Amino acid sequence: MATDEAKSNAFAILPIRMPAVPSFPHATMHEIRIRRNEPKIPTPNDSRSLYLKNIPTDSTESHFRAVFAHLVGAGRFETILFHDEAQAGLVVDPAHATKMDGMARKRKMMHLEAQERAREDEAARLPTLWTRTLHKSGGTAVVLLADEKSVQLVMKAVAKLPKTKKFPTWGENVADEVPPLGAPWLSAHLQLCRVDKAATQNAVHAFFDAFNRREKEAVEMAKRLRNEPDEDGFVTVTRGGRAAPASRSEAEEAREKMVGKEAKKKLETKDFYRFQHRERRKQEQVALLQRFDEDRRKVDALREKRNKFRPET
């Protein structure tokens, strides 16, 4: 079993042929480590995703779309998530998001609220200063494919590359889709840095307006969570004053302590008086005699059956 797990977690090598560039006029090979995606926290798409390590610094979605099309044909690659990419939008409080999902609202209201949040995120987004993002050396990414069969086909194609020597060429068939690097890239950056002051100020104001509104919603949701009993009738235990609700584990721990105290209290008050103690002992003695009589009758019945047995001659 341990050997099978080690094989599933082992990385396969995906060789990429890197063409010559003006800064390094020699073709070379780059090795990307690839395996099935097995994160610590499982997700529904793990069976159709791959984990990549040591990706090139100038990686883009178009680059990897061309690479996977070279391996298994077009239509298998869906998208890629680079781990060092900044997430757009404002951060949402998990407790608030969970509670909002559980509240019964009309679909129309939920749709309007989603549209409003999308407009807020768009208004709060600062102008882009780079036409293309570079990744750190040795970066990682997760590739999402069409289905689980596509994952199997990719892993088989990678295993055959050392024999066929048909290595994918980096940047092939993506020249028109990806902005160039080098001098044009820096020149475009200098132009984008000259942003409109009024537009930038409006984006900053929109960000803080949305942030303050969502902070207010989170505080109101915390108050409702604090005063709302659960399915067993217990109110969530709070920590740190009246600001936020405690976690579910802390609430469960507090409830177990309360139940333990109630059980201990019942045991302490069960035989509070002496006559209660005598009555309980009498009841236990009577029950013990009854069980003894039942066992004796069973033994006598077995003995009678044994004496009546006559083997055939």
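Which residue stands opposite Leu-52 in β5? Ala-141 does. Let me place that pair.

First, the ground rules. This is a predicted model, where local features need pLDDT of at least 70 and side-chain atom pairs count only at pLDDT 80 or more, while totals for chains, interfaces and linings use all residues. Residues are numbered from 1 along each chain as its sequence is written, and side-chain values use heavy atoms, with hydrogens and water left out.

Now the sheet. Five strands form an open sheet, ordered β1-β2-β3-β5-β4, with antiparallel pairing. Strands here are DSSP runs of E, at least two residues; helices are runs of H or I, at least four; both are numbered from the N terminus. Two strands pair if DSSP finds at least two bridges between them. At the edges sit β1 (12–18) and β4 (77–82), each pairing on one side only. Neighbouring strands are turned by 30° against each other on average, direction ignored. Axes are lines fitted to C-alpha atoms, for helices over the stretch in contact, and angles run from 0 to 180 degrees between N-to-C directions.

Helix α2 (residues 61–72) packs on this sheet. It touches β1, β2, β3, β4 and β5, and its direction makes about 135° with that of β4. Contact means heavy atoms within 4.5 Å.

Back to β3, residues 49–55. Five of its seven residues are buried. Buried is under 20% relative accessible area, exposed over 50%, partly exposed in between, with a 1.4 Å probe and protein chains only. On one side, β3 pairs with β2 (residues 28–36) over four antiparallel bridges. There, Arg-36 stands opposite Leu-50. Six bridges join β3 to β5 (residues 139–145), again antiparallel. Lys-53 has Thr-140 as its bridge partner in β5.

Next, the second largest pocket. Its volume is about 720 Å³. A pocket is an open set of points on a 1 Å grid over the protein atoms alone, where a 1.4 Å probe fits, with protein on both sides within 12 Å along at least five of seven lines; lining residues have an atom within 4 Å of a point. Volume is the space filled by probe spheres set on the points, which are joined across faces, edges and corners. Of 27 lining residues, the closest to the centre are Met-18, Val-21, Asp-58, Trp-170 and Leu-181. Strands β2 and β3 each give two or more residues to the lining.

Last, His-189, in helix α6 (residues 183–192). Buried or exposed? Buried, with a relative accessible area of 14%. Leaving out residues up to four places away in sequence, His-189 touches Leu-129 and Trp-130.
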